[in-house]
Amino acid sequence: APGQCFGAFLRPGLPMVEESEAPAPTAAVGDDSPQAAEEALGEFGVDAEVPEGAEAEESLEEILGPLEDVDESELAALEVQLAGGEDAAALAFEEAGAADEDADAEEDICDGVEEHLKDAVEGSLRLKRLLSRDEDEEPGKRRRVHPTDQEKAVAVERLLATWGLAHDAVVGHVLETCKLEELHDVEASRYCPDKFNAWKSPAEILAKFLSELRERKMPGGGSCDAISAFKFRWKIDIASEKILRSLSHRELRHVLRSYDGERELAELVAEAPEAEIEDENATENAALTAPGASTLGRFTRLELIDPVADAAIFGDANLTFALKLVRHRKALGHVGRVIATTFEELDTLRERYREIEQSIKTLEEYFTEVYHGVDCTRIAIDPRFKGMEGSFGAVYYNFPHSGAIQGFFDGHPIVNWRHENLMRLFFRALRSFAKPGGIVKVSSNMGAVGVRYSYIVGSALENEFIHIETVPFLEWHLHRYGRSYGDKRDIY
């Protein structure tokens with residue numbers, strides 16, 4: 001369709017930046033049984049007189065020993081018992097024991113993962129913890145609110161009261177997923193969702209408004225050439241953009257590669273004509289005097305990738321895109337291997353695609369490695385990808401989708417988070433496997449309500465990839481392949 005595009009992202013050769021996410025919980029040391037709690041509490045019972053200040057610390061040290069050596073779960077149970085009795089303390093120990101069991105299971109998963117890949121696994125484990133917490137919570141049980149979330153909670157309640165939607169749980173859920181700055185932007189805009197729409201609920205209308213609000217701060221979902229992406233990244237002015245569009249291919253490539261935000265752009269432009277060329281026979285050094293912007297776009301559209309690097313394809317259910325890519329690389333004389341993967345297992349693929357066996361046979365004739373049942377968000381713990389770290393020079397994921405849920409459409413706020421999370425975990429897992437300078441290409445529809453273009457671009461930027469271009473899908477050399485849908489439309 002005319003609205004289909006694919007985004008190209010570059011993996012820079014920079015050290016990874018630690019993200020401000022909660023670390024994985026670690027198993028506590030000590031006996032977490034209720035009997036041990038009673039022994040540790042000793043004479044410090046519910047009816048006992050509670051000392052204060054320095055006397056309290058001395059009393060605790062007499063009972064539990066030095067505070068720095070005490071199990072955190074024991075201290076938590078002690079606080080609960082002082083406030084609510086022995087039953088509450090026993091419940092606290094049960095919760096601590098369950099958390100320790102989850103932490104032990106996660107540690108078992110991480111034990112077989114290399115140290116530099118644990119960051120990629122953490123994203124999936126963190127999601128698992130959040131989902132498990134929601135499922136295990138008792139009805140009516142109130143969560144402990146972190147002090148830093150108090151202001152956000154107040155802003156949510158204020159908006160709900162202003163709109164007259166205080167009892168709409170779904171609208172509240174949508175607002176709770178926002179950042180505090182976004183809530184302030186909504187208040188400043190004087191926006192109010194339509195409560196009387198005949199086709200959509202207020203929550204759906206609000207979710208769409210919030211997505212569009214975020215996308216105003218991002219490059220558009222349509223065609224975006226290398227200079228436009230560079231302009232957005234570095235926030236350069238129109239005059240500088242005009243200078244860049246007048247440069248030749250050689251000059252423009254030098255400026256885009258060398259600019260770091262510290263040196264003056266005019267200085268780089270002045271030295272670009274005399275810039276040294278490392279390898280005149282390299283593909284990227286072809287047509288040096290041609291117009292810069294259009295020539296860089298041709299490289300992306302013609303799929304002129306690293307000939308010796310490996311290429312990985314994710315989510316290619318019927319493997320028709322893999323066939324297209326291996327033939328393309330064979331024609332160009334590439335020697336890098338191709339790894340083609342499917343999310344479904346082979347038995348499912350046989351039911352949907354009658355040509356799948358022949359496709360696999362053809363791929364193997366091109367020395368392609370075909371893997372089934374691959375979750376692209378968990379390749380760091382997939383033994384089939386062991387040893388491939390830093391080897392992918394090109395990665396492809398066409399029209400990603402996290403799967404449909406019966407009774408909900410893709411844009412519904414209750415299920416839409418799954419699509420955004422898919423992109424976040426995909427890029428997070430991938431950054432350990434993409435080589436410096438490697439290219440990641442993700443295709444989608446400009447107006448998609450499932451995996452929105454902002455999810456793709458935003459997730460890539462969050463995980464240290466650089467958005468270098470967005471190309472209309474039909475202008476891509478590899479666009480002619482049999483797209484799969486993953487549902488009854490594929491059965492024939």
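These questions and answers cover helix packing and one lysine in a predicted model. Residues are numbered from 1 along each chain as its sequence is written, and side-chain values use heavy atoms, leaving out hydrogens and water. In this predicted model, local features need pLDDT of at least 70 and side-chain atom pairs count only at pLDDT 80 or more, while totals for chains, interfaces and linings use all residues.

Student: How many helices and strands are in the chain?
Tutor: Helices (H or I, at least four residues) and strands (E, at least two) are DSSP runs, numbered from the N terminus. The count is 19 helices and seven strands.

Student: What share of the residues counts as buried?
Tutor: Buried means under 20% relative accessible area, exposed over 50%, partly exposed in between (1.4 Å probe, protein chains only). The chain has 492 residues, and the buried share is 45%.

Student: Is Lys-441 buried or exposed?
Tutor: Lys-441 lies in strand 6, residues 434–445. Its relative accessible area is 4%, so Lys-441 is buried.

Student: Which residue has its backbone oxygen 3.1 Å from a polar atom of the side chain of Lys-441?
Tutor: Look at the side chain of Lys-441 and a backbone oxygen 3.1 Å from one of its polar atoms. That oxygen belongs to Thr-300.

Student: Why is helix 9 largely enclosed by the rest of the structure?
Tutor: Helix 9 spans residues 202–215. Its buried residues include Ile-205, Leu-206, Phe-209 and Leu-213. They pack against helix 6, helix 7, helix 8 and helix 19, where contact means heavy atoms within 4.5 Å. Helix 9 is largely enclosed because the buried residues number 11 of the 14.

Student: Is helix 7 roughly parallel or roughly antiparallel to helix 9?
Tutor: Axes are lines fitted to C-alpha atoms, for helices over the stretch in contact, and angles run from 0 to 180 degrees between N-to-C directions. Angles under 35 degrees count as roughly parallel, over 145 as roughly antiparallel, 65 to 115 as roughly perpendicular and the rest as oblique. Helix 7 and helix 9 pack at about 15 degrees, with axes 8 Å apart. That makes the pair roughly parallel.

Student: Which residues of helix 11 meet helix 10?
Tutor: Helix 10 (226–234) and helix 11 (238–245) pack at about 150 degrees, with axes 10 Å apart. They are therefore roughly antiparallel. Helix 10 brings Ile-227, Ser-228, Phe-230 and Lys-231. From helix 11 come Ile-238, Glu-241, Leu-244 and Arg-245.

Definitions and conventions: Polar contact = N/O pair within 3.5 Å; in protein donor to acceptor, adjacent residues only side chain to side chain. Expected span 1.5 Å × (residues − 1).
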